[in-house]
Amino acid sequence: MNHDMEMMLKGYGLTTAQILYRMPDHPAVLQTYVWQHYDLAPEFPEMKSFLKFWQEELDGPLHSVCYVHRRLIGANEWRALKGEFILH
């Protein structure tokens, strides 16, 4: 099974975050970074881990983070079928 499909069946959904941060050399200038990853709502451990890394390792201080989350598929929406269609 595909890794992405496996994550979706475990309850992960696609999280997209728009991160505004200040340029280290020009603090009055805001720059945008878009981050996208599979994550679990409402805790968002992947996004929190990334933001923690950003604050500890990168120079540009965060201004704001806007995010959206969409659960793409749930275990109750998936069922495996075995069958075959023969054409011609």
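## Aromatic cluster

Y21, Y33, W35, F50 and W54 are linked into a cluster by ring pairs. The model is a predicted one, and the structure contains six aromatic pairs. One of them joins Y21 and W54 in an edge-to-face arrangement, with 4.9 Å centre to centre and 65 degrees between the planes. Because Y21 belongs to strand β1 and W54 to helix α2, this pair ties together parts 33 residues apart in sequence.

The cut-off for buried is under 20% relative accessible area.

## Helix α2

Helix α2 covers residues 45–57, 13 residues in total. From first C-alpha to last, α2 reaches 18 Å, close to the 18 Å expected at 1.5 Å a residue.

Its buried residues are M47, F50, L51 and W54. These cover an arc of only 95 degrees around the axis, so they lie on the same side of α2. The face turned away from that buried side carries the exposed residues K48, E56 and E57.

## Strands against the helix

Which strands do the buried residues of α2 pack against? They pack against β1 (13–22), β2 (30–39) and β3 (62–70).

β1 pairs with β2 in the antiparallel sense over 10 bridges; Q18, for instance, has V34 in β2 as its bridge partner. β1 and β3 also run antiparallel, joined by eight bridges, and the bridge partner of L14 in β3 is R70.

How values were computed
Residues are numbered from 1 along each chain as its sequence is written. This is a predicted model: local features need pLDDT of at least 70, side-chain atom pairs count only at pLDDT 80 or more; totals for chains, interfaces and linings use all residues. Side-chain values use heavy atoms; hydrogens and water are left out. Helices (H or I, at least four residues) and strands (E, at least two) are DSSP runs, numbered from the N terminus. The expected span of a helix is 1.5 Å times one less than its number of residues. Buried means under 20% relative accessible area, exposed over 50%, partly exposed in between (1.4 Å probe, protein chains only). The arc is that of the directions from the helix axis to the C-beta atoms. Contact means heavy atoms within 4.5 Å. Two strands pair if DSSP finds at least two bridges between them. Rings of Phe, Tyr and Trp (its six-membered ring) pair if their centres lie within 6.5 Å; planes under 30 degrees apart count as stacked, over 60 as edge-to-face and the rest as tilted.
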